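Visitor: Please take a close look at a single part of this structure. Go through its residues and its partners, one after another.

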Amino acid sequence: MGKVIRVQPHLTVEEIDERLKSLHDFWRIRRWMIIRQALVDPAPAKVIAFRFGLSFFTARDLIEAYNRQGPEALETAGKGQRQNAYLSVKEEQRVLSPFLEQS
């Protein structure tokens, strides 16, 4: 079997459970469940990945990112939204207002 991967105790199991109660996106829940599982029952990344239906590399990278950066590593922006916007919403409205008046 592979090397057991351990999680740094940035948060307790109870704090992780509280976060899980407030989440709605499946992919966010699965990320936190992987960290919780690795905290409660340390196992090789291959075993943890198999439990959640992920690749070995995804589980390993997720746990390593959590160990380095803490909970912020799991709280990414996700899909959609204004991730690639160069201007804020207010600045964009200011730039577009003359064109809206003309139309």
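Guide: Contact here means heavy atoms within 4.5 Å. The model is predicted. The part to look at is helix 2, which runs over residues 26-40.

Start with Arg28, which sits in helix 2. Is Arg28 buried or exposed? The cut-off for buried is under 20% relative accessible area. Arg28 has 14% relative accessibility, so it counts as buried. What does Arg28 touch, leaving out residues up to four places away in sequence? Its partners are Leu23, Leu74, Glu75, Thr76, Ala77 and Gly78.

Glu75 leads on to another arginine. Arg19 touches Glu75 as well as Leu11, Trp32 and Pro71, again not counting residues up to four places away in sequence. Arg19 belongs to helix 1. Its relative accessibility is 30%, so Arg19 counts as partly exposed. Ile29 lies 10 residues from Arg19 along the chain. The C-alpha atoms of Arg19 and Ile29 are separated by 8.8 Å.

Now the packing of helix 1 on helix 2. Their axes are 10 Å apart, at an angle of about 165°. Helix 1 is therefore roughly antiparallel to helix 2, as an angle over 145 degrees counts as such. The crossing of helix 1 and helix 2 is left-handed. Helix 1 brings Val13, Ile16, Asp17, Arg19 and Leu20 to the contact. Helix 2 meets them with Ile29, Trp32, Met33, Ile35, Arg36, Leu39 and Val40. By class, the contact of helix 1 with helix 2 has 9 nonpolar and 3 charged residues, and no polar ones.

Pro71 lies in the loop between helix 4 and helix 5. With a relative accessible area of 12%, Pro71 is buried. Pro71 and Trp32 are 39 residues apart in sequence, yet 9.2 Å apart in space, C-alpha to C-alpha. Pro71 is in contact with Trp32, and with His10, Leu11, Arg19 and Tyr66, leaving aside neighbours within four places in sequence.

Next, helix 3, residues 45-52. Helix 2 packs against helix 3 at an angle of about 140°, with the axes 11 Å apart. That makes helix 2 oblique to helix 3. Helix 2 passes helix 3 in a right-handed crossing. Arg30, Met33, Ile34, Gln37 and Ala38 make the contact from helix 2. Ile48, Arg51 and Phe52 make it from helix 3. The classes in the contact of helix 2 with helix 3 are 5 nonpolar, 1 polar and 2 charged residues.

Last, the core. In soluble globular proteins, nonpolar side chains tend to be buried together. Here the largest nonpolar core has 17 residues. Which residues have the most contacts inside it? They are Trp32, Ile35, Ile48, Ile63 and Tyr66. Helix 1, helix 2, helix 3 and helix 4 (56-69) each supply at least two residues of this core. The largest share, 4 residues, comes from helix 2.

Note on methods:
Residues are numbered from 1 along each chain as its sequence is written. This is a predicted model: local features need pLDDT of at least 70, side-chain atom pairs count only at pLDDT 80 or more; totals for chains, interfaces and linings use all residues. Side-chain values use heavy atoms; hydrogens and water are left out. Axes are lines fitted to C-alpha atoms, for helices over the stretch in contact, and angles run from 0 to 180 degrees between N-to-C directions. Angles under 35 degrees count as roughly parallel, over 145 as roughly antiparallel, 65 to 115 as roughly perpendicular and the rest as oblique. A crossing is left-handed if the near helix is turned anticlockwise from the far one by less than a right angle, and right-handed if clockwise. Ala, Val, Leu, Ile, Met, Phe, Trp, Tyr, Cys and Pro count as nonpolar, Asp, Glu, Lys and Arg as charged, and the others, Gly among them, as polar. A nonpolar core is a set of buried Ala, Val, Leu, Ile, Met, Phe, Trp, Tyr and Cys residues joined through side-chain atoms within 4.5 Å. Buried means under 20% relative accessible area, exposed over 50%, partly exposed in between (1.4 Å probe, protein chains only).
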